[in-house]
Amino acid sequence: MHFISEELEEYAAFHSENEPELLAALNKETHQKILQPRMLSGHFQGRVLSMISKLVNPMHILEIGTYTGYATLCLAEGLQQGGTLDTMDINEELYDFQRKYFDLSEWKDQITQHLGNALDIIPTLNKKFDLVFIDDDKENYINYFNMIVPLMNKGGIILSDNVLWSGKVLELVKSNDKSTRILLEYNKLLKEDTRVETVLLPIRDGLTVSRVI
């Protein structure tokens, strides 16, 4: 869901950096061949992710939820020389699709794919992270956050996607809607947790930026 008009979003995208050619190709092929292409970060949000990564200039990035790798490549744009990006997803059917585009990029040797449950994989990485992007199973957002915070360097940034959840955060929550309930708890946690300072941006479906204090 978009919370500003399509015309305004197009204006914002037009007056932002152009979408790199490789990402434009990935965007196009995702829409042609992959289910639920609306999950793709896309041009405007992708440039936001790229800008944040370049400002942070991270040595180590963690991404939870790869999908087709669009956001992965946007985040990689800010990596330090010799830095790493660990990205994880449970959908093995997308693994080769992701790898094709990673291998076409200048960060092919810095991006490591992980297949499986993020909660099982993260403790095995043995790294301190400067930038994390959470964009996976919404019902585990709180679990991801509590696992990640101790693994962050001071001043590190945690980005959380879909935190407005198509506006459902403002609606009466249905008894069987666990995802919305968890996201409401998660947004409250980010606001109140003294380990981070947070701003929620109404970009696309909501993007929270949390800085580890």
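This is a predicted model: local features need pLDDT of at least 70, side-chain atom pairs count only at pLDDT 80 or more; totals for chains, interfaces and linings use all residues.

Modeller: Residues are numbered from 1 along each chain as its sequence is written, and side-chain values use heavy atoms, with hydrogens and water left out.

Colleague: Which strands pair with strand 5, and in which sense?

Modeller: Helices (H or I, at least four residues) and strands (E, at least two) are DSSP runs, numbered from the N terminus. Two strands pair if DSSP finds at least two bridges between them. Here strand 4 (residues 129-134) runs parallel to strand 5, with 5 bridges, and Val 132 stands opposite Ile 158. From strand 4 the chain passes through helix 7 (residues 141-148) to strand 5 in a right-handed β-α-β crossover. Right-handed means that, with the strands pointing away from the viewer, the path from the first strand over the helix to the second runs clockwise. Strand 7 (residues 207-212) is antiparallel to strand 5, also joined by 5 bridges; there Ser 160 stands opposite Thr 208.

Colleague: What does Leu 40 touch?

Modeller: Contact means heavy atoms within 4.5 Å. Leu 40 sits in the loop between helix 2 (21-33) and helix 3 (42-56), and is buried at 4% relative accessibility. Leaving aside residues up to four places away in sequence, its contacts include Leu 26, Tyr 67, Tyr 70 and Arg 204.

Colleague: How many salt bridges are there?

Modeller: Side chains of opposite charge can pair when their charged atoms come close. The rule asks for a side-chain nitrogen of Lys or Arg within 4 Å of a carboxyl oxygen of Asp or Glu, and the count comes to 12. In one of them, Lys 33 and Glu 29 have their closest N and O atoms 2.9 Å apart. These two are 4 residues apart in helix 2, so about one helical turn separates them. Lys 33 is exposed at 60%, whereas Glu 29 is buried at 10%.

Colleague: Which parts of the chain does the pair Glu 197 and Arg 211 link?

Modeller: Their side chains form a salt bridge (2.9 Å, N to O). This pair links distant parts of the chain, strand 6 (residues 196-201) and strand 7, with the partners 14 residues apart.

Methods: Buried means under 20% relative accessible area, exposed over 50%, partly exposed in between (1.4 Å probe, protein chains only).
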